[in-house]
Amino acid sequence: MNDATNYIYSLTNFEKKMEKGAIEYSLDNIKKALNIFDNPQSKMKSIHIAGTKGKGSTAAMVSTLLRTLNYNISTFTSPHIERINERITSNLIPIEDSKFVELTNYIKEVSNNSNIVLTTFEFLFIMFLLFSLEKKTDYMVIESGLGGRLDSTNVIKPVLSVITSISYDHMDILGNSIEKIASEKGGIIKEGVPIILSKQPFCQAKAVIKKIAKEKNSKLYEAEKIVKIIEKREDFDRQYFDFIIDGKRVSNNSINLFGKHQLYNFASSLLAVSTIDSSFLNSLVSNRDYVFNIRGRAEIISKDPLIIVDVAHNGDSIDKLVSSLRSKFKNVKWRVLIGVAKNKDYKRILKGLKKVAKDVIVTNISGEKEGDIDSLLKNARLYFKEVNFIDNSREAFQFALETKEPLLIVGSFYIVAPFLAFLPKNLV
């Protein structure tokens with residue numbers, strides 16, 4: 001398994017290198033490669049999900065809800081929290097090590113014989129498609145990687161597209177305005193394919209998506225207008241609510257996630273599944289506890305000491321996290337352990353965290369992404385009197401855990417993942 005993973009990571013990895021001008025994005029290579037593999041993407045139905053925030057959560061929710069209707073579901077997401085297998089699942093179960101190795105060897109042999117050079121993401125996407133075909137998948141739930149229009153996943157012709165919350169991120173690649181970013185995300189909209197639009201923080205994004213949908217003759221469903229969420233209460237592990245969909249009120253439901261944004265993701269997921277299969281509406285009942293396996297999103301790791309991890313890495317996602325923390329943990333001041341990739345809005349991130357944090361520990365992220373420690377430290381000292389810098393992330397983790405204070409680990413998949421791997425097993 002290690003040899004297979006190392007080989008895949010030895011390929012060009014756009015997740016690791018995203019400097020402006022360093023990458024030329026195109027669908028030509030993935031189309032050429034898929035032709036060689038007899039276009040498996042065209043042999044199964046798919047649901048395509050893009051957006052700045054919430055697309056991973058929405059993919060997990062849609063997959064879980066479709067499973068309640070007994071469909072065979074395969075799901076493609078990125079990046080992963082602990083193991084690369086998490087990116088490729090069948091009926092919510094990660095691909096087995098043996099199958100991962102088998103498909104790696106097969107794809108490697110075919111691509112080498114055909115003189116096709118794949119990126120890490122392209123390789124994993126092809127593996128997902130071949131795996132899904134073997135599993136006789138009814139629906140593939142596919143989360144786009146970066147952007148949408150030129151993302152490798154955009155070679156599919158889905159039965160439904162979903163666009164989640166759009167905000168500022170990857171501006172060096174997608175554009176420095178909400179309109180430009182929304183245009184890239186809206187690039188997944190296909191001619192005549194219906195589109196679910198989640199609640200948007202920027203009206204400009206909604207306007208762009210509506211315009212593209214009209215041009216593509218794609219029926220647009222706005223989740224916030226069709227699914228009404230009525231918040232009720234929350235406890236430590238769950239938030240409770242009613243919802244109304246298609247005139248039907250469903251009472252006293254809960255999800256094992258906190259934050260209003262997760263309720264918006266749930267609303268979009270409900271609408272997506274009911275659009276695919278209207279019988280889903282008949283299966284909705286009151287007093288139901290929904291359980292979604294979504295790692296690293298305001299995830300409570302330990303109650304005593306209180307530890308939360310969140311992969312939030314842009315201003316909008318930090319604002320949502322901070323709002324959730326202030327609502328759920330009133331008057332709690334957090335020690336924040338932060339690691340963020342380069343080219344992020346450090347000032348906006350730290351300014352947001354200041355509202356709930358008493359001090360901050362700055363450290364490096366994992367080798368999968370490059371950080372900018374000097375800029376992160378400079379900005380941290382603008383907002384916090386106490387800033388600890390510990391270069392070695394494992395030493396930073398140990399230092400943070402020794403304090404026994406409420407601890408928030410935030411800034412990236414690439415700080416949350418190594419932290420979770422480091423944690424003592426009795427805390428996980």
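Two strands are said to pair if DSSP finds at least two bridges between them. Helices (H or I, at least four residues) and strands (E, at least two) are DSSP runs, numbered from the N terminus.

The structure is a predicted model, in which local features need pLDDT of at least 70 and side-chain atom pairs count only at pLDDT 80 or more, while totals for chains, interfaces and linings use all residues. Residues are numbered from 1 along each chain as its sequence is written, and side-chain values use heavy atoms, with hydrogens and water left out.

Strand β9 (residues 227-234) pairs with β10 in the antiparallel sense over seven bridges. Within this pair, K228 stands opposite I244 of β10. The two strands form a hairpin, with four residues between them. On β10 there are also six bridges to strand β11 (residues 248-255), again antiparallel; here F241 has N253 of β11 as its bridge partner. The hairpin of β10 and β11 has two residues between the strands, and D246 in this hairpin takes a positive phi near 55 degrees. Strand β10 (residues 239-245) is mostly covered, as six of its seven residues are buried. Buried means under 20% relative accessible area, exposed over 50%, and partly exposed in between (1.4 Å probe, protein chains only).

**Backbone features in loops**

Most residues other than glycine have a negative phi, and most peptide bonds are trans.

| Residue(s) | Feature | Loop |
|---|---|---|
| S78 and P79 | cis peptide bond, omega about -10 degrees | P79: between β2 (73-76) and β3 (88-90) |
| D304 and P305 | cis peptide bond, omega about 5 degrees | P305: between β13 (299-303) and β14 (306-310) |
| K136 | positive phi of about 55 degrees | between α5 (120-134) and β5 (139-143) |

K136 is exposed, with a relative accessible area of 65%. K404 counts as exposed too, at 62% relative accessibility.

**Helix α15**

In α15 the buried residues are A396, F397, A400 and L401. Seen down the helix axis, these buried residues fall within an arc of 130 degrees, so they line one face of α15; the arc is that of the directions from the helix axis to the C-beta atoms. An α-helix has 3.6 residues a turn, so residues three or four places apart point the same way. The face of α15 turned away from the buried side carries the exposed residues R394, E395 and E402. The cover over the buried residues includes β14, β15 (334-338), β16 (357-362), β18 and α16 (413-422), where contact means heavy atoms within 4.5 Å.

**The second largest pocket**

About 520 Å³ of space lies in the second largest pocket. Of the 26 residues that line this pocket, A60, T77, E86, T89 and N293 are the closest to its centre. Helix α3 (residues 55-67) gives the largest share of the lining, six residues. By type, the lining divides into ten nonpolar, ten polar and six charged residues.

A pocket is an open set of points on a 1 Å grid over the protein atoms alone, where a 1.4 Å probe fits, with protein on both sides within 12 Å along at least five of seven lines; lining residues have an atom within 4 Å of a point. Grid points are joined across faces, edges and corners, and a volume is the space filled by probe spheres set on the points. Ala, Val, Leu, Ile, Met, Phe, Trp, Tyr, Cys and Pro count as nonpolar, Asp, Glu, Lys and Arg as charged, and the others, Gly among them, as polar.
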